[in-house]
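Q: I am new to this structure and would like to go through it step by step. Could we look at it together?

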Number of protein chains: 6
Amino acid sequence: MIDHNTNLLVVSAHAADFVWRGGGTIAKYVKHNANVSLVILSYGARGESNDLWNIDGQTLENVKRIRREEIEKAAGYFGVTNLEIWDFEDYHMSFDKERMDRMVTKIREVKPHHILTHGPRDAFNPDHEAVSKFVFDASVLSTSNGVRIEGTQTAKQAQLFGFEPHQSEISDFKPEVIIDITEVYEQKEQAMNCFKAQQHLIDYYGSKAKLRGNHARRCSGNKEYKYAEAFSRFFPYVGGEFV
Amino acid sequence: MIDHNTNLLVVSAHAADFVWRGGGTIAKYVKHNANVSLVILSYGARGESNDLWNIDGQTLENVKRIRREEIEKAAGYFGVTNLEIWDFEDYHMSFDKERMDRMVTKIREVKPHHILTHGPRDAFNPDHEAVSKFVFDASVLSTSNGVRIEGTQTAKQAQLFGFEPHQSEISDFKPEVIIDITEVYEQKEQAMNCFKAQQHLIDYYGSKAKLRGNHARRCSGNKEYKYAEAFSRFFPYVGGEFV
Amino acid sequence: MIDHNTNLLVVSAHAADFVWRGGGTIAKYVKHNANVSLVILSYGARGESNDLWNIDGQTLENVKRIRREEIEKAAGYFGVTNLEIWDFEDYHMSFDKERMDRMVTKIREVKPHHILTHGPRDAFNPDHEAVSKFVFDASVLSTSNGVRIEGTQTAKQAQLFGFEPHQSEISDFKPEVIIDITEVYEQKEQAMNCFKAQQHLIDYYGSKAKLRGNHARRCSGNKEYKYAEAFSRFFPYVGGEFV
Amino acid sequence: MIDHNTNLLVVSAHAADFVWRGGGTIAKYVKHNANVSLVILSYGARGESNDLWNIDGQTLENVKRIRREEIEKAAGYFGVTNLEIWDFEDYHMSFDKERMDRMVTKIREVKPHHILTHGPRDAFNPDHEAVSKFVFDASVLSTSNGVRIEGTQTAKQAQLFGFEPHQSEISDFKPEVIIDITEVYEQKEQAMNCFKAQQHLIDYYGSKAKLRGNHARRCSGNKEYKYAEAFSRFFPYVGGEFV
Amino acid sequence: MIDHNTNLLVVSAHAADFVWRGGGTIAKYVKHNANVSLVILSYGARGESNDLWNIDGQTLENVKRIRREEIEKAAGYFGVTNLEIWDFEDYHMSFDKERMDRMVTKIREVKPHHILTHGPRDAFNPDHEAVSKFVFDASVLSTSNGVRIEGTQTAKQAQLFGFEPHQSEISDFKPEVIIDITEVYEQKEQAMNCFKAQQHLIDYYGSKAKLRGNHARRCSGNKEYKYAEAFSRFFPYVGGEFV
Amino acid sequence: MIDHNTNLLVVSAHAADFVWRGGGTIAKYVKHNANVSLVILSYGARGESNDLWNIDGQTLENVKRIRREEIEKAAGYFGVTNLEIWDFEDYHMSFDKERMDRMVTKIREVKPHHILTHGPRDAFNPDHEAVSKFVFDASVLSTSNGVRIEGTQTAKQAQLFGFEPHQSEISDFKPEVIIDITEVYEQKEQAMNCFKAQQHLIDYYGSKAKLRGNHARRCSGNKEYKYAEAFSRFFPYVGGEFV
């Protein structure tokens, strides 16, 4: 059961990934009083801001400013207050020891039960694949007390869940965990509408939420599920009973 | 949470499959007051009674009698009272419309939330593969009200979970669900000991329970798991939160 | 290029499969003067007529009558005139030598360049998997002149394409061929509306067509694609250039 | 149809890869008036010039000189005039931001409809795998107008096709696209003979072309195909009809 | 080491499969004094005798007669004397309890260390897939002493090896075992030439033997391998050292 | 047959990997007079020394000292005298040209027939995956005489075998080669006991050896196998007969 003892860390490669791919689930966790920490690694200024660059005289600083406003507005609809933007360059995003230590430190501070980030394959988006490995590796290092970082203490191994990539099948994505987001779907719609320049994605992820809702009903026999989000999981489920 | 509203149907191809591969989980469900129904499709007289056939003058009837005693004793240790043995011929087991109707009827009567049976691949055991498809197909038919069987009403789609096959990797088995059986492990040991003629399997599945306990600890960070059983799942998890 | 020399054979397991999964493509082939032959193997009376069976006093004959009307109306919207319903029992559908000979004969008569039918895996629908193998095997037999059937002559090996199953990822479906259906999408909508009792599927496949349209644009860079259908292919593409 | 509006970019890791693995297809595109641009990333001096290094007193400069002559002669047989050799070190080849920008720039200049390069897996050749990712990533970056490179304009997403690796099965290669090269096979033979020091490869790829020709006939029923080359594809086919 | 204590059972679905796909290996086992038993399940009269049926007035009996002569001549070149033709109908081949008992009996008589037969997938040949499962299942039943067949005694589990299918990659074939056939290649050529009506296959499998020879050299570093045949394996290798 | 002409190179990422995952096989090769060279890339000080870091005032130097003693003691039980510890930093381990040249040089000196190292996937251990690629790439470079390293001569391509990872199934491990270690199991136990701080792993790999022994018996029918170790293989087996 989600409650105030639940720690969720969300790591998004670009500005809006967390909205399209996990916004409903994030809204739900906040609504049920979980501690949600959101890290956005880049503004997506190079790779995911096509429309902004079509404006004459556009500058990198201006693109970042606009994207920051969109991010903050969308996060606001979800009620996320713990938000960091790390401003890495995107397309391509690369990682070194310093960035790894920063992520390990973040995980050790948040002590997340669950980490929601990109899955290992995304057919059209090399950044997403790189972030997936980066976050996973950091989660492993965070548990090892030989990885000495001043002022931190080891975390328990977090469970990682992967966003559904844009083109699921050719990215070898399997929907292993389908989360019902019916009760918060309105918030997801509002958040998606913060990114008006990407109307085609608003339509797309609206349709997707309905399709996953259909799958949720079919797999479970529960007719009340209307909207859902799908995720992959990095590890087996471990627990006391079938779920 | 497992309680008296939980319906679990277990379908075992041969006499002892349910003990080696799911005994701890069955014991746990009974202990927590679930309604557990156990269907054993065959005595395993042809394929899994090698030691008995080494006795001079052995007969099929006698083999079945001995195996029935072992099954009943093992089920007793788990506290399973709802037990049926369908006495199909094994090695090879085959299925026709009548047998399909019988399984559909059983599912419609039990209305299981979860069905525990063999997974789709078992590298050394063609019967297990045939049973997996048989039970899955029956679960689909059980939900369709055009499949008219006198005196039955459709069931909701049950969630199916697959036993770990004997040689997991070459059977393409992935441990998707790992169930902690620490609190009932003693019962599993007692039940396994009902099949004394198969001492090598008692050792084998004892070691396996410890290995899966190690994996349970490593995946979850929970140090209290000592013994576990692993299963595959046929459908995605659907629910309200990450598990 | 599709024209009056193009022979397309469509084989649908149940009444409406050809509409949800391939209706736009069928409409397009008819519109461009191809010879489209449609074989519907069953009315789906047992497995895909849930709503009809909820009516008191329903009979098998009446279900079949209603479904036949729906099929004929839908086929009419596509302009398909060459339509056969073979009235096999569904859920489960099974095949013997006589049925195999009938399909081989059909293929030898139609001499299709392309056969559109179910793909090899469909996670929730055993009938679809059985039909896929049945049609594929028949296509192989149809080319062999040792398979002697009175009054028939061997066909060239047809190219087979597989419908997208309802839950694509867990059915291991990959969209290998995405067909733009923008110009005929209205016809597909009309045909889908012939199956009013399945409103949730009309919504579902409407959303799906938009999603596949998005993928078509993203993979090709062609902005004019609005609606599309996805298919798997059974054989490699062979030809004179990259496509 | 291939014509003077068709832009094909070929990227070859080492000196002769483009000949063994795609020479027939390249010859065909040139013959039908396509604009073919060929980029050869390295001379293969370290990894694919074994015979040359067996000569006493051999030097790196001399190896490169010989290989350049072979490349130019082979390209000549295909009629390729737009040829660049980037002279990267091979075994191992590595890539940085500058090299990425150079490839993005090249793609933006050529605006290829199709890119032919190495596929993602090559069991015995780490360079080929690295080049595959390098070219694919560059093709994605080339479409994004946030990736600002002086003097360039974004390209549409090119379709990528992968060479058949030397040992196809253990490299997880599937022949998704088989191109008939019968009409230009003589040119491929001449080009292969430019690399006389590798006689075993001339034999090997001669046999391979015949085998793929056999597959082309069997898959299509077209008896006129004698020689063929096989490729993987990175994206689904998108278009107006089955091919 | 192959010697007179080595028992090899070869099971071929149709007349010539054992020649194209395993002839060199069979010849080698005979040459080194192994006991080779060959079972040919069908004459391939319906599915693999196209050319014979093109002759006016052809009859089934005559086709079988010609194929029997070819089989016997080819087996003669290998020195195989223990040969049975079971004359099952092909295209499609099907199996019942009686046929299963017959194969179990054969295995119990031969007590093979190795069984060479078709692998589990063959993209264009449903018979080959059915035979693969039939032989594998029989090998499992042969070891179980509850499978009572008058006059037989259980065998140890044989190791199964799978022929390379005609189109290896799309049949998911991996060359796990590559056998050098250089010393007996001439015999394989002679045997292949017994099937003159299939000249395209003689060329094809000649080229294939050279390709696999190249792979054998590349994987092992042994330059003396000129011709080879590739096989899949059904079980892991078990032994005392790396091989 | 293992003898004094057999060269085996073992490359272990961290201090104890070679013991848990390959100790029995190493002991066996030494016992049968093979030349065994052991390279340990790191002390595992950061990632695999958790217990040591729980001691107050622990230092990196002290951790390394303790681990070196454990390594040397364990290697002593196996009789390995040719041992190098390269002292790379672990968690994460990274590789540059200098390290690659060092490994190529080592391979050229040892001229191993077999290299035993980590397999390509290890679900919880990014270092193991990086080492697998590092060693494989070095083995390829070692065979190419264009890779000029002063004082070295090219080696023949070594056969690579991969350790079983801790959680085999979720690491996509298949036991392709199972080595009987019954005769040296006592030595493996002694060596494992050198790492007393990891008692849970001693239990774990003891159970694992018994399970793999069971699989060895089941796959081969040889009842004398009691303990075994499983490995993956990087290349197909090439040789003169089925093994």
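Predicted model: local features only at pLDDT ≥ 70, side-chain atom pairs only at ≥ 80, totals over all residues.

Q: Let's start with chain A and chain B. How many residues does the contact take from each?
A: Chain A gives 36 residues to the contact, and chain B gives 36 residues.

Q: And what area is buried there?
A: About 3200 Å² is buried between chain A and chain B, with carbon and sulfur atoms giving 60% of that area. On the side of chain A, Val238(A), Phe242(A) and Val243(A) supply 25% of what the chain buries against chain B, more than any other three residues.

Q: Which elements of chain A are involved?
A: Among the elements that give two or more residues to the side touching chain B are helix 1 (17–31), helix 7 (199–220) and strand 8 (237–239) of chain A. By class, this side of chain A has 20 nonpolar, nine polar and seven charged residues.

Q: Which strands of the two chains pair?
A: Strand 6 of chain A pairs with strand 8 (residues 237–239) of chain B, in the parallel sense and over three bridges. Within this pairing, Val177(A) has Tyr237(B) as its bridge partner.

Q: Moving on to chain D and chain F: what does that contact look like in numbers?
A: It takes 14 residues from chain D and 16 residues from chain F. The two chains bury about 1200 Å² between them, 58% of it on carbon and sulfur atoms. Arg46(D), Trp53(D) and Phe124(D) supply 42% of the area that chain D buries against chain F, more than any other three residues.

Q: What about salt bridges and polar contacts there?
A: Across the interface of chain D and chain F the rule finds zero salt bridges, and four residue pairs are in polar contact, both at pLDDT 80 or more.

Q: One last topic: why is strand 1 of chain B described as largely enclosed?
A: Six of the six residues of strand 1 (residues 7–12) are buried, so this strand is largely enclosed by the rest of the structure. Asn7(B), Leu9(B) and Val11(B) point one way, while Leu8(B), Val10(B) and Ser12(B) point the other way.

Q: Which strand does it pair with?
A: Strand 1 of chain B pairs with strand 2 (residues 35–40) of chain B in the parallel sense, over six bridges. There, Asn7(B) has Asn35(B) as its bridge partner.

Technical notes: Residues numbered from 1 in each chain as written. Chains lettered and ligands numbered in written order. Heavy atoms only, no water. Contact = heavy atoms within 4.5 Å. Buried area = accessible area lost by both parts, 1.4 Å probe. Salt bridge = Lys/Arg side-chain N within 4 Å of Asp/Glu carboxyl O. Polar contact = N/O pair within 3.5 Å; in protein donor to acceptor, adjacent residues only side chain to side chain. Helix = DSSP H or I, 4+ residues; strand = E, 2+ residues; numbered from the N terminus. Nonpolar A, V, L, I, M, F, W, Y, C, P; charged D, E, K, R; others polar. Pairing = 2+ DSSP bridges. Buried < 20%, exposed > 50% of the residue type's maximum accessible area, 1.4 Å probe, protein only.
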